Amino acid sequence: MKTGKVRGNAGGRRQGIQSIEVGSVLLAVLGRAQEPLSLRDLSSQAKMSPSKAHRYLVSLLRTGLVMQDPLTNRYDVGYLSLKLGLAALSRVDLVRFGNEAASWLNQELDTTVLLCVWGNYGPTVVVMYDSSDLMIQNVRVGSVLPVTRSATGRVFLAYMPRKTTLSRVKQELKGPFSAISSSNIRSMDDVEALIKKVRKERLGTTHGDVVPGQSALAAPIFDHSGHIVASLTLIGASDQVHGDMPISPARTLLRIADMASQRLGFWDTREGGAQVERLEAHPQRAPRRLKNESGTLIDLFSAARRNSL
């Protein structure tokens, strides 16, 4: 029986088994796929020949890391992969991972950093690290942020189910801030445009919207199923926190938020990868309990928007 090649210790790297590393590429492809894959598609996405992929799949099948449908011959993750995944999920700690990410951002960028989750009343601050510069702000741990006027709220607005955010949105549209001349969120159409912008950039942004001279950037953190579970937010002077800066705090924020999502089991961070986006793109896949007589939840939101006009 052939054994995998042992990698050398070149460059001070620890030795490893090359065949395990190659096999993990196939497992990673299956983990990202939305459905079982044929040998041709699997080998193509793994960037290896079908014959090479098949040799590794034989061993992965024997271990239970991969299974094969006897009718279609398509490959999927196996029972051992499922067992390992469930074990990893049981040890996931959102607050610990988010706290570590917020602390690192605070030290690296020297800006105020928030970790927020969706609470009973909306986006709620659960962790806060202040910058070294004294800033005038009324945000603290326990604060509930608006969904249309804060960078944090805009991220939750874009990725939470519409039925969850709709009442907050309607309440804020009737509030005094929507009437001021600088407000650009005054109708449901404006909210729809905002959602599209946030999803395209994967960022919620404000530039002096809440406090003149202060800007904020917020990025989502997703769990293994693509549901938003938290957001990381940077707050600072507008000349320090801006997405168009040469050394972009936005890129750093996105990278750290994506790493936090990956630690929670979510890897598809491109536009359209979140659960709410997938359901809206393929409404026929929505669970029956999420449907009403006219279709899916997006119809409810559209109807509410028409009624508000």
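**Close-up views of a predicted model**

View 1. The model is predicted, so to speak of local features takes pLDDT of at least 70 and side-chain atom pairs need 80 or more, while totals for chains, interfaces and linings use all residues. Numbering starts from 1 along each chain as its sequence is written, and side-chain values use heavy atoms, leaving out hydrogens and water.

**View 2. Who touches whom between α7 and α8.** On the α7 side we get Arg162, Leu166, Val169, Lys170 and Leu173; α8 brings Met188, Val191, Glu192, Ile195 and Arg199 (contact: heavy atoms within 4.5 Å). That makes six nonpolar residues, four charged and no polar ones.

**View 3. Helix α6 is tucked away.** Nine of the nine residues of α6 (residues 151-159) are buried, so the rest of the structure largely encloses this helix. Buried means under 20% relative accessible area with a 1.4 Å probe, protein chains only. Among the buried residues are Arg154, Phe156 and Tyr159.

**View 4. The whole protein, for context.** There are 11 helices and seven strands, meaning DSSP runs of H or I (at least four residues) and E (at least two). Of the 309 residues, 41% count as buried.

Key. Buried means under 20% relative accessible area, exposed over 50%, partly exposed in between (1.4 Å probe, protein chains only). Ala, Val, Leu, Ile, Met, Phe, Trp, Tyr, Cys and Pro count as nonpolar, Asp, Glu, Lys and Arg as charged, and the others, Gly among them, as polar.
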